[in-house]
Amino acid sequence: MAQGDRIEIENAWSRTAMQGRTGVVYLTIVDRGAADRLTGVSSPVADKAELHQSFSEGGVSKMRPVEALTLEQGKPVVLAPNGSHIMLVGLKRPLNQGDAFPVTLTFAHAGQVTVQVAVQRPGAAMPMHMHGDGMSPAKP
């Protein structure tokens, strides 16, 4: 878990991915202060990191970038498969199972918080302990 003055980042994980390809990061954000917005992401393992949201349109799964995610005090925001997530574009190195790498999240009011992301096996799903009551999907 990483923690800023009022932001907590929990359960940061990724799946394995090859160098030069695209990776993805999932995590949970808890805002313990006033409402805030996640406005940017970065990681030294990729050329570019972006906030994305998956959605279904006409029965077809799609994905689009989002400018920011809204945080409400005390309401966890879950970035998870088939929902909001962080895309790592142009991986500079492979993401191997058992590795960890940093991701920095930038918030409009809370500033920057860096978290270590654990790389899971290919095809990994959200671990059961990450599901829970009160966890809401991320809001753009």
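## Lysine 62 and glutamate 57

Lysine 62 has a relative accessible area of 35%, so this residue is partly exposed. Buried means under 20% relative accessible area, exposed over 50%, and partly exposed in between, with a 1.4 Å probe and protein chains only. Glutamate 57 is also partly exposed, at 44%. The two side chains meet in a salt bridge with an N to O distance of 2.7 Å. A salt bridge here is a side-chain nitrogen of Lys or Arg within 4 Å of a carboxyl oxygen of Asp or Glu.

## Basis of the values

The model is predicted: local features need pLDDT of at least 70 and side-chain atom pairs count only at pLDDT 80 or more, whereas totals for chains, interfaces and linings use all residues. Residues are numbered from 1 along each chain as its sequence is written, and side-chain values use heavy atoms, with hydrogens and water left out.

## Other salt bridges

The structure holds 7 salt bridges. One of them joins the side chains of arginine 6 and aspartate 31, at 3.7 Å from N to O. Arginine 6 is in the loop between β1 (2-3) and β2, and aspartate 31 is in strand β3, so this pair ties together parts that are 25 residues apart in sequence. Strands (E, at least two residues) and helices (H or I, at least four) are DSSP runs, numbered from the N terminus. Aspartate 31 counts as buried, at 1% relative accessibility. A network of salt bridges links Arg6, Asp31 and Asp36.

Glutamate 8 and arginine 32 form a further salt bridge, with their closest N and O atoms 3.3 Å apart. Glutamate 8 belongs to strand β2 and arginine 32 to the loop between β3 and β4 (36-42), so the pair ties together parts that are 24 residues apart in sequence. Glutamate 8 is buried, at 12% relative accessibility, whereas arginine 32 is partly exposed, at 47%.

## Nonpolar cores and leucine 88

The largest nonpolar core has 30 residues, and those with the most contacts inside it are Leu27, Ile29, Ile86, Leu88 and Leu105. A nonpolar core is a set of buried Ala, Val, Leu, Ile, Met, Phe, Trp, Tyr and Cys residues joined through side-chain atoms within 4.5 Å. A second, separate core of 5 residues includes Trp13, Val24, Tyr26 and Ala124. In soluble globular proteins, nonpolar side chains tend to be buried together.

Leucine 88 lies in strand β9 and is buried, with a relative accessible area of 0%. Apart from neighbours within four places in sequence, leucine 88 is in contact (heavy atoms within 4.5 Å) with residues including Arg21, Val25, Val45, Ala49, Leu95 and Phe101. For alanine 49, the separation from leucine 88 is 39 residues in sequence and 4.6 Å in space, C-alpha to C-alpha.

## Aromatic rings

How many aromatic pairs does a search of the whole structure find? There is 1. Rings of Phe, Tyr and Trp (its six-membered ring) pair if their centres lie within 6.5 Å; planes under 30 degrees apart count as stacked, over 60 as edge-to-face and the rest as tilted. The pair consists of tryptophan 13 and tyrosine 26, whose ring centres are 4.8 Å apart and whose planes are at 40 degrees, so the pair is tilted. Tryptophan 13 is in strand β2 (residues 7-15) and tyrosine 26 in strand β3 (residues 23-31), so the pair ties together parts that are 13 residues apart in sequence. Tryptophan 13 is buried, with a relative accessible area of 2%, and tyrosine 26 is buried at 6%.

The charged end of arginine 64 sits over the ring of phenylalanine 55, 4.2 Å from its centre. The criterion is NZ of Lys or CZ of Arg within 6 Å of the ring centre and within 35 degrees of the ring normal.

## Serine 14

Serine 14 is part of strand β2 and is buried, at 0% relative accessibility. A polar atom of the serine 14 side chain lies 2.6 Å from the backbone oxygen of valine 24. Leaving aside neighbours within four places in sequence, serine 14 contacts several residues, among them Val24, Leu95, Phe101 and Val117.

## Positive phi angles

Asparagine 11, although not a glycine, has a positive phi of about 50 degrees. This residue lies in strand β2 and is partly exposed, with a relative accessible area of 25%.

Asparagine 82, again not a glycine, has a positive phi of about 70 degrees. Asparagine 82 is in the loop between β8 (77-79) and β9 (84-91) and is exposed, with a relative accessible area of 75%.

Note on methods: Polar contact = N/O pair within 3.5 Å; in protein donor to acceptor, adjacent residues only side chain to side chain.
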